[in-house]
Amino acid sequence: MGSAKTALLLTTAYNFEERGMRYVCMKPRLDTREGSRSVIRSRIGIERECKWIDPDTDLYQTAQTLFEENMSVIEWFLIDEAQFLTERQVDQLSRIVDDFGSNVICFGLRTDFRSCLFEGSRRLFEIADTIDEIKSTCTCGRKTIINARIDQNGDFVEEGAQVEIGGNERYIAVCRKCWRNKRIEQAARQSLPLSFHR
Ligand SMILES: [Zn+2]
């Protein structure tokens, strides 16, 4: 999915290292077949090690354990793919901020391929101190709004699970107008054989 936010996360991590600031990267694990070690990687080849977050991971407890191991509070938490966090996990992150004074930066998508909020994103919109939008541009020049899921023919997929585990689905960020127009065009194309027989 969108690489701009991952690139920004990695740039942030790099800046922290340059200044000697301590941080930890974390990322939700959607597929339990993935290994125990993970990296956050960008298309331009930068990567950083990260810790997996499973759906039942208690992030508050994870932070406490980390602080005990390091014998001090870690100042920064960088979370990739934060849309996949559960509501409860976002609440746990807020408690890490409030109880320990750490800072948590979550990078993620606002909505899914059908334009609906993800659970983690919804909770972040509700309780985060600040929200910064990473803007990107559609091929038509407008601001992208929708992360459309596309099939092998390049058509927008309108049905299916919010998260497809182990699937080969691809995504393209488009503006709301192009998203609508392409779906109208697809619908017209799909009904064409019917009208042909009339
Ligand atoms: Zn557009």
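**Entry 1. Starting point**

What covers the buried residues of H3? I began there. The cover includes S3, helix H2 (59–70), strand S4 (76–79), strand S5 (103–106) and helix H4 (119–127). I took "buried" as 20 or more other C-beta atoms within 10 Å of a residue's own, "exposed" as 12 or fewer, and "partly exposed" as in between, with C-beta atoms placed from the backbone. Contact means that the C-beta atoms of two residues, placed from the backbone, lie within 7 Å. Helices (H or I, at least four residues) and strands (E, at least two) are DSSP runs, numbered from the N terminus.

I noted the ground rules. This is a predicted model, in which local features need pLDDT of at least 70, side-chain atom pairs count only at pLDDT 80 or more, and totals for chains, interfaces and linings use all residues. Numbering runs from 1 along each chain as its sequence is written.

**Entry 2. Overview**

I listed 6 helices and 7 strands. Along the sequence they read α-β-β-β-α-β-α-β-α-β-β-α-α. The protein has 198 residues, and 25% of them count as buried. I then looked at contacts between residues at least 6 apart in sequence: 74% join residues at least 24 apart.

**Entry 3. The five-stranded sheet**

I traced an open sheet of 5 strands, in the order S2-S3-S1-S4-S5, with mixed pairing. S2 and S5 are the edge strands; each has a single partner, so one side of each lacks a neighbour in the sheet. The twist averages 40° from one strand to the next. Angles here run from 0 to 180 degrees between N-to-C directions, and axes are lines fitted to C-alpha atoms, for helices over the stretch in contact. Strands count as paired if DSSP finds at least two bridges between them.

I went through the pairs:

- S1 (residues 23–28) and S3 (residues 47–53) run parallel, joined by 3 bridges. Pro28 has Ile53 in S3 as its bridge partner.
- S2 (residues 38–41) runs antiparallel to S3, with 4 bridges. Ile40 stands opposite Arg48 in S3.
- S4 and S5 pair in the parallel sense over 4 bridges. Leu78 stands opposite Ile105 in S5.

S2 and S3 form a hairpin with 5 residues between them. In its turn, Gly45 has a positive phi of about 100°.

I went back to H3 (residues 87–100). H3 has 14 residues and reaches 20 Å from first C-alpha to last, close to the 20 Å expected. The expected span is 1.5 Å times one less than the number of residues. Gln89, Val90, Leu93 and Ile96 are buried in H3. They cover an arc of only 105° around the axis, which puts them on the same side of H3. The arc is that of the directions from the helix axis to the C-beta atoms. The face turned away from the buried side carries the exposed residues Arg95, Asp98 and Asp99. After H3 comes Gly101, with a positive phi near 80°.

Just after H2, Met71 takes a positive phi of about 55°.

**Entry 4. Cores**

I defined a nonpolar core as a set of buried Ala, Val, Leu, Ile, Met, Phe, Trp, Tyr and Cys residues joined through C-beta atoms within 7 Å. The largest has 26 residues, of which Cys25, Met26, Phe77 and Ile79 touch the most other members. H1 (3–18), S1, S3, H2, S4, H3 and S5 each give two or more residues to this core. I followed Phe77: leaving aside neighbours within four places in sequence, its contacts are Tyr23, Val24, Met26, Ile96, Ser102 and Val104. A second, separate core of 5 residues includes Phe113, Ile146, Val174 and Trp179.

**Entry 5. S6 and S7**

I found S6 (residues 146–150) largely enclosed by the rest of the structure, because 4 of its 5 residues are buried. S6 pairs with S7 (residues 170–174) in the antiparallel sense over 5 bridges. Ile150 has Arg170 in S7 as its bridge partner.

**Entry 6. Positive phi in loops**

Most residues other than glycine have a negative phi. I looked up two exceptions.

Glu81 has a positive phi of about 50°. Glu81 lies in the loop between S4 and H3. Is Glu81 buried or exposed? Glu81 counts as buried, because it has 23 C-beta neighbours inside 10 Å.

Ser115 has a positive phi near 80°. Ser115 sits in the loop between S5 and H4. Ser115 counts as partly exposed, with 13 C-beta neighbours inside 10 Å.
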